[in-house]
Structure formats: C-alpha cells, structure tokens
Amino acid sequence: MPLHDWIILYLETAGLYHLVRLNSQWFWVDEPLLSAFIERWCPETHTFHMPFGECTITLQDVAYQLGLPIDGEPVSGCLTDFENLMENGRPAYASEETVRIYARAYIMMLLSSQLFVDKNANRIHLRWLPYLASMDDLSRYSWGSAALAWLYRCLCRGTNRNVVNLAGPLQLLQSWIFWRFPSLRPSSFDVFGFPLASSSPEVVAVVHPEILVDEHRRLWTAVTSLIYFAAIEWHQVDRVIP
C-alpha cells in the first residue's frame with residue numbers, strides 16, 4: 001500500500017518506518033521450515049537445540065532483521081491509563097486532521113499484523129490505544145525487545161502438542177533462519193532488495209539509525225528480561241555467544 005510522505009514522517013518519528021519498508025519485500029512464511037525449528041525449541045532455555053549445540057534469536061538479530069530500536073521503555077502498561085486521554089467519552093486526540101488519523105490506523109495495523117501477531121484474526125487488542133493517543137512518544141519504546149519477547153512466548157507455546165496454529169513475528173524467525181543457516185535459503189532469495197539474511201555492510205544503510213551505536217551494541221550481549229505486557233521472557237544470550 002503506497003504511503004503519503006506525511007504519514008511516513010510519523011512512522012519515522014515512531015521508529016517503525018523500516019518495518020513498513022519491508023512490507024513491499026516480505027516473503028511468504030515457510031511453515032514446514034518453521035515447524036522443524038520449533039520442534040527443536042527448548043522453553044526452559046529459550047534456545048534451539050541443534051546437533052552442533054544451542055542457538056537462538058537475540059536482540060542483535062532483531063536489530064539487523066527488522067531495524068527496530070532495542071533500547072527504551074518497556075512496551076507495557078494498564079488500560080486504565082487510557083481514561084486520562086478521554087474527553088466527554090471520546091478520545092482527546094480525535095481531530096479532523098486526516099493525516100494523523102490515517103497514520104494512527106496504519107501504525108495500529110503494523111503492530112497487530114507484523115510485530116505482535118496473535119490468533120484473533122481480524123480483531124485488535126485495545127492495549128494499543130494509549131500508545132496511539134500520543135504518537136510523538138512512540139519512539140521512546142523498545143519495540144525490538146518487545147517483539148523478541150513475544151516471539152519467545154509464541155515459540156514456547158508452539159512446543160505444546162495441542163497447539164496447531166503459530167503466532168508471533170514469524171517473518172523475523174524465518175529471516176533469522178535464512179541469515180544464520182545459508183544452506184536453507186531458497187535459490188531465489190538474493191533477489192530481495194533488503195538484505196534480510198545477509199551480513200552485508202548494506203545493512204547499515206537501512207536499519208534504524210541508532211542500531212549500531214555503542215550504547216545499543218552493548219545491549220546485544222545483555223542477559224536481561226524482555227517485556228511485552230504480561231509476557232516477560234529472559235534474553236539468555238550468554239548460552240549462545242562464544
């Protein structure tokens with residue numbers, strides 16, 4: 001879907017524009033491939049148990065694959081805070097400014113259908129309303145760590161034999177597989193413009209501008225908790241980094 005430059009400005013401010021750029025180049029999810037990896041996922045350690053050892057998706061992978069900020073405030077909160085943003089039963093931010101209305105709708109779609117996919121089909125959780133109420137503050141949040149927390153949680157649920165449908169940012173998982181396991185890449189994968197599964201220096205030109213600064217690079221090796229509302233998962237990177 002083509003975007004107007006005015007909407008792109010809001011997406012850049014929120015730190016989500018790079019994720020939008022991927023929509024025109026996204027690849028179809030290979031469900032058998034993902035299922036094979038999920039069968040090797042260990043919920044206790046948040047790692048894939050492979051014949052050669054353990055491996056996992058880290059904050060560094062999220063930064064390179066999705067270009068999202070991995071530092072900032074946690075994506076969490078309470079819906080009761082939304083009452084402070086209401087006036088006479090209507091959102092205080094509702095205005096006739098068409099651009100901001102469309103920008104909010106697009107960001108809502110982006111969060112619910114790309115980063116934090118669940119099994120609610122065409123329904124969206126109300127938890128995102130407080131975030132969209134103050135779009136100027138969206139860049140304060142660590143979207144990358146929240147997306148990784150949600151992926152970890154969905155992978156852990158996927159190991160249950162009774163679970164038949166997958167949720168979460170599955171494009172992130174598949175892109176990581178292509179990046180870390182070159183032999184599993186499709187033969188035509190190199191036709192994609194964005195180097196999702198490449199360590200090419202061209203990555204630097206398209207990721208979020210703060211990804212490669214020292215302050216963020218130090219977070220790649222941090223053993224810490226990843227927070228996405230009620231989903232709190234450990235980033236146990238010490239188990240896989242030499």
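1. In which sense do strand 2 and strand 3 pair, and over how many bridges? Strand 2 (residues 47–50) pairs with strand 3 in the antiparallel sense over three bridges. Strands are DSSP runs of E of at least two residues, helices runs of H or I of at least four, both numbered from the N terminus; two strands pair if DSSP finds at least two bridges between them. Phe 48 stands opposite Cys 55 in strand 3.

2. The model is predicted, with pLDDT of at least 70 needed for local features and 80 or more for side-chain atom pairs, while totals for chains, interfaces and linings use all residues. Residues are numbered from 1 along each chain as its sequence is written, and side-chain values use heavy atoms, without hydrogens and water.

3. An open sheet is formed by three strands in the order 1-2-3, with antiparallel pairing. Its edge strands, strand 1 (41–42) and strand 3 (53–55), each pair on one side only.

4. The whole structure contains 23 aromatic pairs (ring centres of Phe, Tyr or the six-membered ring of Trp within 6.5 Å; planes under 30 degrees apart are stacked, over 60 edge-to-face, the rest tilted). Phe 52 and Phe 181 form a tilted pair, 6.3 Å centre to centre with 40 degrees between the planes. Phe 52 lies in the loop between strand 2 and strand 3 and Phe 181 in the loop between helix 8 and helix 9 (214–217), so the pair ties together parts 129 residues apart in sequence.

5. Phe 52 is exposed, at 58% relative accessible area, whereas Phe 181 is buried, at 14%. Buried means under 20%, exposed over 50% and partly exposed in between (1.4 Å probe, protein chains only).
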